Amino acid sequence: MAHFGDLRSASGPEHAITAAPQLPPPEECVDPLAEATLGEMSIVEQVEYRTAEPVGFMHGSPSGVPRGEFWMRLRGDREPDLLSLAFLVDAAAPIVLELGETAAPTLELTTHLRDRPTSAWLACRVETRHVTKGFHEEDFEIWDATGRLVAQSRQLAMFA
């Protein structure tokens, strides 16, 4: 199911309860894939990531905390647009890998496109708060460099 509208003509009140992740600039961050041993993943041919700290599960040491903040951008010279945001909300490894799990296929994904991004590097926040009988949710937010929320998603997934 899809619902379409025109973000350029959208108007109304705005109120943000949360703010964009507070991350060092991407050039001061770590490329989490530089030394990770993840096997073959075609997604890394399309997307670059930067984290303030190395990512535990990528180095065989899951943190036990299914929450992360990082930068993400499309590889090459492509600027993100609304279509790419729908892809990017699911372009990071499942954060439940920080619990020591090895796979978490998506059962359902809902995406909300909030605004057009104004920067190539996008600040992201991902979190899982509940794991029940092998099922979990994953909430994902994408913010542009101006601090505007441009996309968010929620997915239901399970442990494989």
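Predicted model: local features only at pLDDT ≥ 70, side-chain atom pairs only at ≥ 80, totals over all residues.
Leaving aside neighbours within four places in sequence, Thr128 is in contact with Pro66, Ile95, Val96, His136, Glu137 and Glu138, where contact means heavy atoms within 4.5 Å. This threonine lies in the loop between β4 (122-127) and β5 (131-132); helices (H or I, at least four residues) and strands (E, at least two) are DSSP runs, numbered from the N terminus. Thr128 counts as buried because its relative accessible area is 6%, and the scale behind that word sets buried at under 20% relative accessible area, exposed at over 50%, and partly exposed in between, with a 1.4 Å probe and protein chains only. A polar atom of the Thr128 side chain lies 2.7 Å from the backbone oxygen of Glu137. For such a polar contact, a pair of N or O atoms must lie within 3.5 Å; within protein, one must be able to donate a hydrogen and the other to accept it, and residues adjacent in sequence count only if both atoms are side-chain atoms.

Residues are numbered from 1 along each chain as its sequence is written, and side-chain values use heavy atoms, with hydrogens and water left out.

Seen as a whole, the chain has one helix and seven strands, and from the N terminus on its elements run β-β-α-β-β-β-β-β. The C-alpha atoms fill a box of roughly 45 × 40 × 30 Å, taken along the principal axes. The radius of gyration of the chain is 16 Å, which agrees with the value near 15 Å that a compact globule of 160 residues would have; this radius is taken over C-alpha atoms, and the globule rule is 2.2 Å times the number of residues to the power 0.38. Buried residues make up 38% of the 160 residues. Of the contacts with a separation of 6 or more, 67% are between residues 24 or more positions apart.

What lies inside the chain can be followed through its nonpolar cores, a nonpolar core being a set of buried Ala, Val, Leu, Ile, Met, Phe, Trp, Tyr and Cys residues joined through side-chain atoms within 4.5 Å. The largest has 19 residues, of which Tyr49, Phe70, Met72, Leu85, Leu88, Phe140 and Ile142 touch the most other members. The elements that give two or more residues to this core are β1 (47-50), β2, α1 (82-88), β4, β6 and β7. A second, separate core of seven residues includes Ala20, Cys29, Trp121 and Trp143.

The structure also holds two aromatic pairs. Phe70 and Phe140 form one that is edge-to-face, with 6.0 Å from centre to centre and 65° between the planes. The pair links distant parts of the chain, since Phe70 is in strand β2 (residues 67-74) and Phe140 in strand β6 (residues 135-143), 70 residues apart. Rings of Phe, Tyr and Trp (its six-membered ring) pair if their centres lie within 6.5 Å, and planes under 30 degrees apart count as stacked, over 60 as edge-to-face and the rest as tilted. Phe70 is buried because its relative accessible area is 9%, and Phe140 counts as buried at 2%. Ring pairs link Tyr49, Phe70 and Phe140 into a cluster.

Phe70 leads on to Thr51, which is in contact with Cys29, Val30, Pro32 and Phe70 when neighbours within four places in sequence are left aside. Thr51 has its place in the loop between β1 and β2 and is buried, with a relative accessible area of 6%. The side chain of Thr51 reaches the backbone oxygen of Glu53 at 2.7 Å.

Leu149, in strand β7 (residues 149-158), counts as partly exposed because its relative accessibility is 22%. Not counting residues up to four places away in sequence, Leu149 touches Arg114, Asp115, Glu141, Ile142 and Trp143. The C-alpha atoms of Leu149 and Ala20 are separated by 7.3 Å, although these residues are 129 residues apart along the chain.

Two loop residues complete the tour. Asp77, in the loop between β2 and α1, counts as exposed because its relative accessibility is 80%. Lys133, in the loop between β5 and β6, is exposed at 82% relative accessibility. Most residues other than glycine have a negative phi, yet Lys133, which is not a glycine, has a positive phi of about 50°.
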